[in-house]
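Please look through the sequence and the structure shown below, and then read the report that follows.

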Amino acid sequence: MTDARPRIAVITFPGSNDDRDALLALDELGATGVPVWHGDERLPEVAAVVLPGGFSYGDYLRCGAIARFSPAMKAVASFAADGGLVLGICNGFQILCEAGLLPGTLRPNASLAFICRDVVVRVERTDTPFTAGCTHRQRLTIPIKHGEGCWFGDANLVPELEANRQIVLRYEDNPNGAVGDVAAVCNEHGNILGLMPHPEHAVDPHIGSTDGALILGGLIEAARDKSVAPAAAAAR
Amino acid sequence: MRATVLVRPKPGILDPQGAAVESSLRQLGFSVGDARVGRVVDLEVAERDPVAARTEVERMCQQLLTNPLIETYEIELQA
């Protein structure tokens, strides 16, 4: 028995600006988006968490460096430690890296330019909840919009991630100087994914590609399987 | 106690800010190379004992002020 519309939290930090787009996209794709304020110490009953894009805390110090200490992030860390699904988009990816929940970090684009356009990424593995709806090596067109999206991992980290298959998406034509063309990485268990492209901006055919729906749809599908609370299941 | 933390991009790491500054300085006619741009954090630390203050500022560097993957730091203390 699965939940038809799984509840998925979207956390709003001061300076988040894609939180409502994420909520809208989740709703459009068959989930119920649940807004959560970063000051909340506990997560509501949800089957997954999305950390949206934006400029949390004005990107002061380093992108995501301050947001990672938000009360809600403690709850997200323990949710993830229990195997909960967490998706970080753009600034959300930066926060997850700063929090040590994902490997590497995001640095200023090699060009120093803020880049806002569609890019093509390749799916490197399909056995994660987020990419289960894709085919291996599928090319997805999803927009990026960031000034600091240049993923960096040092000479020790990159081979380790390759060996563990933690690089999930790679740019076909590297826009920002990311090491290894990395556009998305996951943790070792595969329940946390961070990506620089914005799937929530690629779900509506009226404004371009709908390839983002494959990533968010994968999350929703996996959340659907996870979201049967014992009480609800017993009631059925 | 006054503490100054100097944060630098690690050697060998691509520093686009440094590269942009270097190229601007060259355009101005200066003969320069290897420009790197870091960050300075000045702090007033309540702790008065210099050894304890340094230990405390190091903890700040490790927890928040720097990302050890990409940055190094130096701490200067003034009574």
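Chain B has a radius of gyration of 16 Å, whereas a compact globule of 79 residues would have one near 12 Å; the radius is taken over C-alpha atoms, and the globule rule is 2.2 Å times the number of residues to the power 0.38. This is a predicted model, in which local features need pLDDT of at least 70 and side-chain atom pairs count only at pLDDT 80 or more, while totals for chains, interfaces and linings use all residues. Residues are numbered from 1 along each chain as its sequence is written, and chains are lettered from A and ligands numbered from 1 in the order in which they are written.

Along its principal axes, the C-alpha trace of chain B spans about 45 × 25 × 15 Å. Of the 79 residues in chain B, 11% are buried, where buried means that 20 or more other C-beta atoms, placed from the backbone, lie within 10 Å of the residue's own.

Chain B holds 2 helices and 3 strands, and along the sequence they follow the pattern β-α-β-α-β; helices (H or I, at least four residues) and strands (E, at least two) are DSSP runs, numbered from the N terminus. The 3 strands form an open, antiparallel sheet in the order E2-E1-E3 (chain B), and two strands pair if DSSP finds at least two bridges between them.

| Edge strand of chain B | Residues |
|---|---|
| E2 | 39-44 |
| E3 | 71-78 |

Strand E1 (residues 2-9) of chain B is joined to E3(B) by 8 bridges, and the two run antiparallel; B:Arg8 stands opposite B:Thr72 in E3(B). Helix H2 (residues 50-65) of chain B packs on the sheet, touching E1, E2 and E3 of chain B, and its direction makes about 150° with that of E3(B); axes are lines fitted to C-alpha atoms, for helices over the stretch in contact, and angles run from 0 to 180 degrees between N-to-C directions.

Where the chains meet, 11 residues of chain A are in contact with 8 residues of chain B, contact meaning that two C-beta atoms, placed from the backbone, lie within 7 Å.

In chain A, helix H5 (residues 212-226) is largely enclosed by the rest of the structure, because 11 of its 15 residues are buried. Among these buried residues are A:Leu214, A:Ile215 and A:Leu216, and the buried residues of H5(A) pack against strands E1 (7-12), E3 (48-51), E4 (85-89) and E7 (139-146) and helix H1 (19-28) of chain A.

How values were computed
Buried ≥ 20, exposed ≤ 12 C-beta atoms within 10 Å, placed from the backbone. Expected span 1.5 Å × (residues − 1).
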